[in-house]
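The sequence and the structure are shown first, and the description follows.

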Amino acid sequence: MNCYEHPNAPAVVKCAKCDVGLCRACLEGPHWEADNKPFCKRCSVGAITGKMAEIQAEITHVKASKGWAKTRLVISSILLVIALVMAQSNSDAVHVPILLFMAVGIVDAWRWWKYTDRKDNWLQRVIVAVLLGALSSPFTYLGTFFRIPKCNKNIQKLEDELKEHGAILADFQ
Ligand SMILES: [Zn+2]
Ligand SMILES: [Zn+2]
């Protein structure tokens, strides 16, 4: 079998994806590998493009997650301040901002559920979101302070990965 790109050169290995022959020159040039097995040019470009789309989707997801964490931080902080002010003035309605604070925790638990692979039905989801979300709202509120920098770090890492893959792809053109 000869190389699919260089018809006069004998193939030394096959593309791990589509089985065409690859010669030594192809192996020494830019190519993608999976489990140490080389891909031909066409399959390499396909694999890298696919990987880049995956990274892009992950970036979108982490950015949405960060956006929500910021929103939650602001809303919950305002509610806490209102509750404190109301408690200071012995207001009868101090339970209102506290209940709203807990409600934000429920929304957070509901959102978290959406991104897990759990297969529970909606009723289980409602019960857990309400119970766990409301009770854990002070802790998940504090957690948002850590969640935002964690998202930033993650976005940076993914964008670096995207850039690296873009540079590899540029090698093929
Ligand atoms: Zn191939
Ligand atoms: Zn070749």
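**Two loop residues**

Asp-19 is exposed, with 11 other C-beta atoms within 10 Å (a residue is exposed if 12 or fewer other C-beta atoms lie within 10 Å of its own, buried if 20 or more, and partly exposed in between, with C-beta atoms placed from the backbone). Asp-19 lies in the loop between β1 (13–14) and β2 (21–22), and its phi is positive, about 75°, although Asp-19 is not a glycine.

Asp-35 belongs to the loop between β3 (33–34) and β4 (37–38). Its phi is also positive, near 55°, and Asp-35 counts as exposed, with 5 C-beta neighbours inside 10 Å. Most residues other than glycine have a negative phi.

**Basis of the model**

The model is predicted: local features need pLDDT of at least 70, side-chain atom pairs count only at pLDDT 80 or more, and totals for chains, interfaces and linings use all residues. Residues are numbered from 1 along each chain as its sequence is written, while chains are lettered from A and ligands numbered from 1 in the order in which they are written.

**Overall form**

The protein chain has five helices and four strands (DSSP runs numbered from the N terminus: helices are H or I, at least four residues, and strands are E, at least two). From the N terminus on, their order is β-β-α-β-β-α-α-α-α. The C-alpha atoms fill a box of roughly 90 × 35 × 20 Å along the principal axes. Of the 173 residues, 17% count as buried.

**Nonpolar core**

Eight residues make up the largest nonpolar core: Cys-3, Cys-15, Leu-22, Cys-23, Cys-26, Trp-32, Phe-39 and Cys-40 (such a core is a set of buried Ala, Val, Leu, Ile, Met, Phe, Trp, Tyr and Cys residues joined through C-beta atoms within 7 Å).
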